[in-house]
Structure formats: C-alpha cells, structure tokens
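Good morning, everyone. Please bring the model up on your screens.

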Amino acid sequence: MFKKTLIIILGGVFLLFAVEPWSFMMPPKDGKFPPDRTYLNKECKITVEQNYHGTDQPPFGTVVRTFYISTPTSYAGGGITWAKALNKFFLLQFSSSSVDGIYKVDFDSLTIRQVTILNRPNFGGSTQDLWWGIAYNDRSGNLWVTSVTDISTTAPCYAIQLTKVDARGDTFRWMGTPADSFNLWTCEANYWYAGMDYCPQKRYFYIAKAYSASQRRWWQVDLDNKTIKGYKENTTYIYAERMQSCFYRPLSATPPGTDTFWVLTGGWNSGQIKQFDTSANFVRSAAANPYYCADIDIWEPTNIDLDSTVYAFMQFSVYDGSQVIVQQVSMGLKWGDVVRVHDAKPTAILSPSLEIDTATTITPTVKVKNSGSYTESFWTYLTIEDYSGLVYSESLFLESIPSGKETLLTFTPWTAHTHDTINITLRTYFEGDEFQRNDTLRQKTFVRVLDVGVVEILVPKQDTVIEAGSLVQPVAKVKNYGNVPSGDFNLWFRIGTVFTEFVNVSNMAPGEERVVTASGVWEAQEGSWLATVNTALTGDMNNTNNLKTSRFVVGEMDVGPTRIVWPSGMVQMDTLTPKPVKAKVKNFKTISATFPAEFYIWKGDSQYFYAQITISNLTGGEEREVEFGNFLPKDTGAYTTMVVTLLPGDRNKANDTLRGTFTITKFVTPTGWSRMADVSGATKPVKSGGALCALGDKIYALVGNNTPDLMVYDVNSNAWTKKSNVPISATGKKKNVKKGASICTDGQFIYVIKGNNTQEFWRYNPATDSWKEYQVGFSKGIKGSSMTFDGDSFIYVICGSSNNEWKRFNRYTETFEACNPATLPADKWKTGSWIVYV
C-alpha cells in the first residue's frame, strides 16, 4: 500500500522527510464533474480493514489499516489534518454535485461526526465555492480551508479561517473580518490551490499549488499576518504528476525550528508518496497506490513513545462514488529517529512476576532505558502498594548512561507479607526529561495465598461439662483463608489419646467456610479432656491457624476459695516492703482442674490491686495456698478484698467468691504490754461474759455483766464507741450477755453467742449497725461457749456446758450443721474452754 517516509542527512544534520502524494480530488481534464451518484441523506459511517499483521516496524509506505468512510458528501476525498489538542482528525469531502462537508474522526474508536459550519462565505457568484484543502492551527485551535471560487480555474482561490465555537471542535464559524481570509492568487495567479498544512514551529502554512505548470511549488504563507514567506520548488517535477498536497513536519530539534521532517505528497496521476528534502529535492518514494491521493497529514499521538512507529494518514479522492478511503501508512521510522530529545524510561518489570506466593522473598528486578538522544544520568524509583498502602520504596541512581542503552537493575529484596493484588510502580526521573509521559510503568501482581485453617471446634465446645457415658461425635468449622482454591486436604480430630480420626475435605473456594463432622464417636469418660482439631494441607502458607483446641470436662467439677490469708485483719502500714497476696483454694470434687483465679483489693470505690493467675492441676479434694503477686500496704484505712475462682463448667457458683476486709494502721505495737484507754460509755464494768474480736482497725467487745452492751475500740484513735445493744431474743427470754458468752468475725460480720444458759446466736452487721438472730440447737443452754472462723464457710461453736457438743454455722446457707466427728474428744467441756482454727 502506499505512504512513504524519507530520511536525509544534510550537512551532518539528521533530517527526516515523508512525502505522501495524496492526490486531492481533482476534476476531470475538461473541468466538469461526473454525474451525481451520492446520497446526501445517508448517515456517517466508518469501517476498518487491518492490512498489516506483523509485530516489527512496518517498512516505509506500508499500509497498516484502511478505513472506508461513508458520509453525505463521500463521493470524493479532499483535505485531511490532525488536531493534536483534540486528538482527532478533520476530513474534508465532496459530493459529486460539489457539496462539501467537514468531518471530525477518531480512527481508533471508529467514530465520525459532521462539523457544523456557521456563516459560510461565498466569494463567487451563484455557484457555491468549493472547499478543497484543510489545516488545523495548533496554536489558535481554528481551521483554515482553501476555497475555489465558483469551482472555476479562472477565479481566485482563497484561504478562509473558521473560528472554533465550542471546546470540542464540533462547531466552527467564519467571522467575516479581513483577518479571516487571504487571496492565494497573491502568491501566484491562475488555477487552484489544494492541500495545506500548518507548521506551529515556524507559524506559517505550506500550501500546494494544483493543476498548473507551477504545481511543483509549495508556498509558505503566514496567514495570521497575511505575509508570503516564499516557496519550495522542484523544477524537475513533471506536470502530469500534479503535486497538489503536502505536509511539513519540523519537530523538537537543536536548534529549535530546524527542519527535521518534511513530507510532500505524490502526484495525483502517479498515485505515489514522495519525499523531498528541505530544498524540495526528491529523495525517495513508496510504491504506487491504485487510488488517487488527495491529502496527507502526520499523526502525532498525545503521548509519544519514542520507540513507536511514525504514521501518517492519507485521504484519497474518488473510490467508488459512495465511500472515501483513508489509509494509515508507515513512515518507516521511529519517533526516536525523528526527534532528538532528552528522555529515559522504564521498559520492563521482571520481578515480581505477575503472580507470586505470599511470604516469598523477592528481589525486584527491572529494566530501564536511555531512550533519548544524549548520554543521561537519572534516578529510578520502585514502589509497591497493597491494600494497606505503601509497603516498599527504593531508588537507584544511574550515571552517564549512553543513548539507547537498556540497563538491568536489581533492588533490595522484599518479602511479600501481603495478599491479593499489589500495585508496582517503576519510574524514571531527571530534570530536563522531555517525554515525562513515558516515565512510569505500572504492573499489577497477584499475591497468591494458599491457607486453610480451623475456625472453631463445635463439639466438644470449650469449657463445657459433658455427662459421663454420653456419645461425643466431634464437629469443627474450617475455612479457606486464602485467595485461591484450596484443593483437597485432611482434617484431624483428636480427644486426648483415646480418639483419633481424619476426614478428607474436598476443594474449598476462597473465603468458603464449611462444617465438618467426624464419622466416629467417643464414649465420654470422667475427667478433664483436651480436644484438638487441625488441618493438614500440602503447601499451606500459614500454619498459625491450622490448630484449635477445646478443653472440656466429663463429670462434675466444683472449686472455690476457702480463705484469704493476707491481707486480712489488722495490717501494719509499710511504705517500703511489698508483701505477697495469698489465698487458699480448694477442689471440692474428684476431677483435677486447671482454672484462672482473681484477687481484688478496694478502698472505697477505688481499686488498689488486681491480679489473675492460673491454678494448674488442682487434684480432687486438694486445698492449696496460692500467691497473686505483691501488695504494698502504704496507705492507712479500711479495705475490702475478694478472691474469685473462674473454672468453666463449675457446677457450684455459690462458693466461687470469697470476700474479706482488712485495715492498714499506723499504730505500732510497743514492746511488752501497754495500757490503752479503758472501756468507757458501757452500762456496767466488764465482768463475766466479756469477750473481744478484731475487724479491720476496730476491736469489738462484749461487756458481759448481764448487759446488752457492744463496744467498739478504734486502734487509731485509742477511743471507745458504744454500738447498738445485743437484742432480746424473739423467743421471749429476756436475757442479756452473761457467763459463757463469746464473739468472733468472718471478716465481714461479727458473731455473738449470748451465753447465760441460752441457745442465742447473733450476727451483727457493722455496716448497718444491725442484728440478726439464730438458734444453735444444743441439748443444753450455753454456759461456756467458744467460737472460731475457718476462713471460708463455717463458724465452729462449742457448748461448754459440761458436755462434748459442738456445731458449725454455714455462713452461706445461714444454718447450723453437725460436725465430723459429731462430738468433741473429751466427755465434759466447761466454762474456760476455747477453740481456734489454724
């Protein structure tokens, strides 16, 4: 196919010229048009034929694509011009009745639309002038056309400026001012002027003379200033070839404005693309085209790739009377051959590849090229972003890279701790790069994750209690945490060492969850058990989620705190030495247990201490003293304590919590005995029935002596206060505290046995200064009682009335229970007998 380009060296300057003789539609030799065969009401339509299928640069003159254009005026093709700012071509075509039209075309998207012309001028008589050539002014955005007056060879030709009305270039208007037209016969009279092209570097137009002996001239005209700059002429060019069209292309050069690429079209009769140098001397031509060349223009993409081929688009005159042909033709050159520039660019991202595995360590490897005309030094930047943002950024500086050299670079290794798509950006930079639009190369890489895991064990669930002898069929939920199908894998179920089974799980889609059930069952045996479920997938990239465990119990379990060892009672203030917080816990059942326990200390509403520990393998019936860390008793005052056991599946929550109190005091006990303040405010002096106990920094005293008095001594103030009286029994016996009375505390309440041959047992609440009565139920009235608290649940009481009876008060159920053994070892216990708990 035809369209050709030429390369010339003049005086050591590299010059490229592409001559493309697009015979502008010419009338027959008798000056008449053939009969009208055009349907002026038909729609605009464009189709394409791919002519070149190679991957290498097409040789000069190779037709790459042919476009068949059908418009209301597509009998013959006229001018063609490239509007880089709009990224579109403008075509001028005529019907056989000399009706012309201008069309805006995108040859990539195959879209075409007719341009609206407002206020069209007519310089002749009744016959409408014919527009012939067309050129886009890259600076003003306006169109210029050559207009043939009256379609006559003996009337002047004009150049007419059409001003762009809208930004998209869909509408143009002739403004009608002197600046909007120029009589081309000022250059040379006689006959028509045809194809034209605008040179933005020189700011003037090249206009070809057509259909005359001087057709070999191409006039240089500054239409903005109405100035003739001169002409180019090839004196050996024969008239019969009718050189009627041209385009001129100086690109970025040194110095600016130097002619570097100049192509003139071949003749109408010859049907060739011919190339001339800057002096209009013939250089070379492409093979003849079977169609008449009308016009040609170079296509300069918005984003030039210096390694890409230079193409021109040429329009032909008459084809078949209903369509006009436009062909895309190779100039046989790369833009880098035409333009001398400073440029560097990335050419390839070799590593990471398009797909990698997560957690893989990659050495990023790329290629960059000095694609300009000079030796350059430049930076190369590589960044990697994932769903969270920037995860990698490195740079390298390349110094003195020769023109055209491609360089292989490796960056600091990177481990792909990510998943799904990552965006890799490779960029070159140096100040003065003239083609920054090719400085960036991007690649999306898929980070493959092969990962399955156990979500949870559904049977047996964590912390459950299962009845002995029941049948357990393990069930678990698994998930494909990866982003690719998992393939088949095994899922293992285990309960201790007594049950093992695996199930084959078929392929799971990314993100899929599935419930899997073991086929076998296990008959539950009493004890504490550990169930495990784990996946076994070949190539699994994340082993952290492969295993789940579930601790459960078969049978009954019951643990609880039994005593707060320290701090309790009166605590000496100490600002230097922390002491261990201690409590006792007990396993009340037979199954060994491992569980957490917590210890709290408050002063009022403020928490002063908290600790959680794990108590391991507390065997059945075992009571163990445990430590919760250290506490420094540096602030005086009253405190409350609480110890809690947190055994999952504990069947008795009532004994899981134990509360207590203590008081930090500044009082320092002197060596030996010291007399403190005497009891004051009581009804009578202390006598038989008197008793003492301590709670916090207070000492509670029964006065006895047949009184109901309860006195409180404050160890910090060394002073006594009278509290509410021990009440008279609801049984109606109006007796006060006397011989055989006793008193003790569980850290929260004060317990009083009235003695005086009664069965009365009283609980005093210091917080509310109130009393509650209970009856012991001994066989005799109490005359010589004694009490002690075991630090957990019970207050132990002896009768002391010449018998061996004793009982214990359950502080949780608030009832008296028989002791084990049921009686004391000696036969008779009398007044003066005492009991303590250690």
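Start with the second largest pocket. By class, its lining has nine polar, eight nonpolar and three charged residues. This is a predicted model, so please keep that in mind throughout.

How much space lies in the second largest pocket? About 410 Å³. Its lining is made of 20 residues. Closest to the centre are Thr640, Thr661, Leu695, Gly747 and Gln748. Find those five on your screen.

Which elements give two or more residues to this lining? They are strand E52 (637-645), E53 and strand E55 (698-702). E53 gives the largest share, with five residues.

Now, where does the second largest pocket lie? It lies between domain 3 (559-665) and domain 4 (691-818), because both give residues to its lining.

Next, the largest pocket. Its volume is about 520 Å³. There are 28 residues in the lining. Which of them lie nearest the centre? Ser568, Thr745, Asp746, Gly747 and Phe789 do. Look at Gly747 here.

By class, the lining of the largest pocket has 14 nonpolar, 10 polar and four charged residues.

Several strands each supply at least two residues to this lining. Take them in sequence order. We have strand E46 (559-566), strand E47 (569-572) and strand E53 (657-665). Then come strand E54 (691-695), strand E58 (742-745) and strand E62 (786-789).

Why does the largest pocket lie between domain 3 (559-665) and domain 4 (691-818)? Because both domains give residues to its lining.

Rolling a probe the size of a water molecule over the atoms shows where empty space is left.

Last, the sheet. Three strands form an open sheet, in the order E36-E39-E42. The pairing is antiparallel. Which are the edge strands? They are strand E36 (452-459) and strand E42 (513-517), and each pairs on one side only. From one strand to the next, the twist averages 25°.

Zoom in on E36 and strand E39 (residues 475-480). They run antiparallel, and six bridges join them. What stands opposite Asn480 in E39? Val452 does. In general, strands of a sheet pair through backbone hydrogen bonds, either parallel or antiparallel.

That is my tour. Thank you.

Notes
Residues numbered from 1 in each chain as written. Predicted model: local features only at pLDDT ≥ 70, side-chain atom pairs only at ≥ 80, totals over all residues. Heavy atoms only, no water. Pairing = 2+ DSSP bridges. Helix = DSSP H or I, 4+ residues; strand = E, 2+ residues; numbered from the N terminus. Axes fitted to C-alpha atoms, helices over the stretch in contact; angles between N-to-C directions. 1 Å grid on protein atoms, 1.4 Å probe; cavity = no way out; pocket = protein on both sides within 12 Å on 5 of 7 lines; lining within 4 Å. Points joined across faces, edges and corners; volume = space filled by probe spheres on them. Nonpolar A, V, L, I, M, F, W, Y, C, P; charged D, E, K, R; others polar. Domains from an automatic or database assignment.
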